[in-house]
Amino acid sequence: MTDIIVDLIITLVKIGFILAVTVGFFAPILTWVERKQSAIMQDRIGANRADIMGFRALGLFHILADALKMFTKEDFIPDGADKVMHTLSPIIALVPAIITFAVVPFGGQYTLFGKEVSLVISDLDVGLLFVFAIASLATYGYVIAGWSSNNNWSMLGSMRTASQMISYEVAMGLTIIGVLMVYGTMRLTEIGAIQENFFRWGIFLQPVGFFMFFTASIAENKRIPFDNPEAESELVAGYFTEYSGLKFGMFFMAEFIEMVTIAALITLLFFGAWHVPFLGTATLISLFDFLGATGSNIVAMLFHVGVFFAKVTFFIWVQMTIRWTLPRFRYDQIMNLGWKILLPLSLANIVVTGIIILALA
Amino acid sequence: MELFFFIPIALLSVLLAFGVVFNKSPIGSAVSLIGMMLCLAGVFVIQSAHFLAILQVLIYAGAIMVLFMFVIMLLNLKTAEDTVWKAREHNTLLSVLTGFLVLGLVYKLVEIATDANFGPGMPVAENFGTTEMVGAKLFTDYVLPFEVASILLLVAMIGALVLAKTKTD
């Protein structure tokens, strides 16, 4: 009985940690990073107006100001809109983005106080597929948002979302097959553990796969250069034109959390997860042997979690840089890239990977 | 414990299935259908067929229904009128035949229900429902149906392409 309670507490702590990191830390801080980084890249001063008693803290108070604004703004539902669906869609968009983290491991396995603790909320056999299955459900949030708004701009936005998401999901799913072939497992913890060996990092085993996955995942997140669904110069704001206040905030938050998901998946699949090159877990623990069994494990755990989130932060930075560097693609260019370049390339990637695996076996 | 999860999920899926039929707006029907598919995935999870459950979500709820939605929006289907439900004379034969089909279905359902073993379930193998086992079964015991289904899908795909092409030319 006590075992169950201990397990329950450990799981709750892990869930709390993931929520704190994604919803509590990354989502709000990224609103600030987005403005600040774009300002630096465009040689502007950037967000620095919000101050408390003259303190500006590099514009960090804008996060508080944003939150206050979203909570106090009028929650507007347009005339002729489907009220239930209009309210439901931001929730459908946000929830899957958070749920995907249930299977994303942010560290390895450690022995704390004689108990094996694995740093993942749920270690599913179909982990990788789970991420895609849940992430694909978010599409409905965007599609229904546009449809229920009773606005032609929104409608066009959600039609573009539907076609774009379908197109890139195909390419993305086929890209992932290459990754599955080289690792031979869908369990994300195992994929992470394999990459303890530096030469087994995904970027070396699936170099083409990495670029295709990155492209497809940015397209899935609908950020520039793939932001046709919201294209503010053509469609006002696309599918969320008719949203205000906290519901608009939820769409925004979903986008930022998806950025974290993408960065986490890229770290996990292609860049050695929580490992540092040439520093195995066993070596790391033996380095801190003087702290005792539990102490050295705790140090290793904290080190790995730190490394993992440092990598995640780096890939968020890469996404931000891409977003503020490239212009928006045209709609036909997006479709061509998805169907005529990424899809054949991902199929070729599978064939070539298969041949190499057979040749080496 | 199993029933504790099964009963609400099963009830909800039946409810949502009725929602698909009786909802007036096409998008509402589609959303009900998505919900029902998610419930079915839940039933699969209870049966410890995790791989099947994930595929149910990924393919049916995640991909096919997005296309359904897309088509509904593209055709801009309006909310159904109240007078759609009307018996038509020239459909009588079809209706009677359908009635017989339903009778057969009910008979089969009753048969299954009476034969069902409601005792404690059989223990399943350790790796039951995992990707590995489904893959092994699919490529050894069921390789012929698997390949036939693949060819059928390929034919359907090519057929769709040919149909679309002749229309645009």
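Helices (H or I, at least four residues) and strands (E, at least two) are DSSP runs, numbered from the N terminus. With that in hand, the elements of chain B run α-α-α-α-α-α from the N terminus on. Please keep in mind that this is a predicted model, in which local features need pLDDT of at least 70, side-chain atom pairs count only at pLDDT 80 or more, and totals for chains, interfaces and linings use all residues. Residues are numbered from 1 along each chain as its sequence is written, while chains are lettered from A and ligands numbered from 1 in the order in which they are written.

**Confidence**

- The predictor assigns the complex a pTM of 0.83 and an ipTM of 0.76.
- The average pLDDT (the predictor's confidence in each residue, from 0 to 100) of chain B is 82, and 88% of the residues score at least 70.
- Where pLDDT is low, the predicted coordinates should not be read in detail.

**Chain B as a whole**

- Chain B has 6 helices and 0 strands.
- Of its 169 residues, 17% count as buried; that means 20 or more other C-beta atoms within 10 Å of the residue's own, whereas 12 or fewer make a residue exposed and numbers in between make it partly exposed, with C-beta atoms placed from the backbone.
- Two residues are in contact if their C-beta atoms, placed from the backbone, lie within 7 Å. Among the contacts in chain B with a separation of 6 or more, 56% come from residues 24 or more positions apart.

**Two helices side by side**

- α2(B) and α3(B) pack with their axes 8 Å apart, at an angle of about 175 degrees. Axes here are lines fitted to C-alpha atoms, for helices over the stretch in contact, and angles run from 0 to 180 degrees between N-to-C directions.
- The two helices α2(B) and α3(B) are therefore roughly antiparallel to each other, a label for angles over 145 degrees; under 35 is roughly parallel, 65 to 115 roughly perpendicular and the rest oblique.
- The residues of this contact between α2(B) and α3(B) divide into 20 nonpolar, 2 polar and no charged. Nonpolar covers Ala, Val, Leu, Ile, Met, Phe, Trp, Tyr, Cys and Pro, charged covers Asp, Glu, Lys and Arg, and the others, Gly among them, are polar.
- Residues of α2(B) in this contact include Leu33(B) and Phe44(B), and those of α3(B) include Tyr60(B) and Phe68(B).

**Where the chains meet**

- In chain B, 18 residues are in contact with 21 residues of chain A.
- On the side of chain B that touches chain A, the elements giving two or more residues are α2 (26–46) and α3 (50–75) of chain B.
- α3(B) gives the most to that side, with 14 residues.
- The residues of that side of chain B comprise 14 nonpolar, 4 polar and no charged.

**A hairpin in chain A**

- Strands β1 (residues 109–112) and β2 (residues 115–118) of chain A pair in the antiparallel sense over 4 bridges; strands pair if DSSP finds at least two bridges between them.
- Thr111(A) has Glu116(A) as its bridge partner in β2(A), and Leu112(A) has Lys115(A).
- Between β1(A) and β2(A) of the hairpin are 2 residues, and Phe113(A) in the turn has a positive phi of about 50 degrees.

**Positive phi in the loops of chain A**

- Most residues other than glycine have a negative phi, and most peptide bonds are trans.
- Asp43(A) is not a glycine, yet has a positive phi of about 60 degrees. Asp43(A) sits in the loop between α1 (2–41) and α2 (61–72) of chain A and counts as exposed, with 7 C-beta neighbours inside 10 Å.
- Lys222(A), not a glycine either, has a positive phi of about 60 degrees. Lys222(A) is found in the loop between α8 (207–220) and α9 (232–235) of chain A and counts as buried, with 23 C-beta neighbours inside 10 Å.
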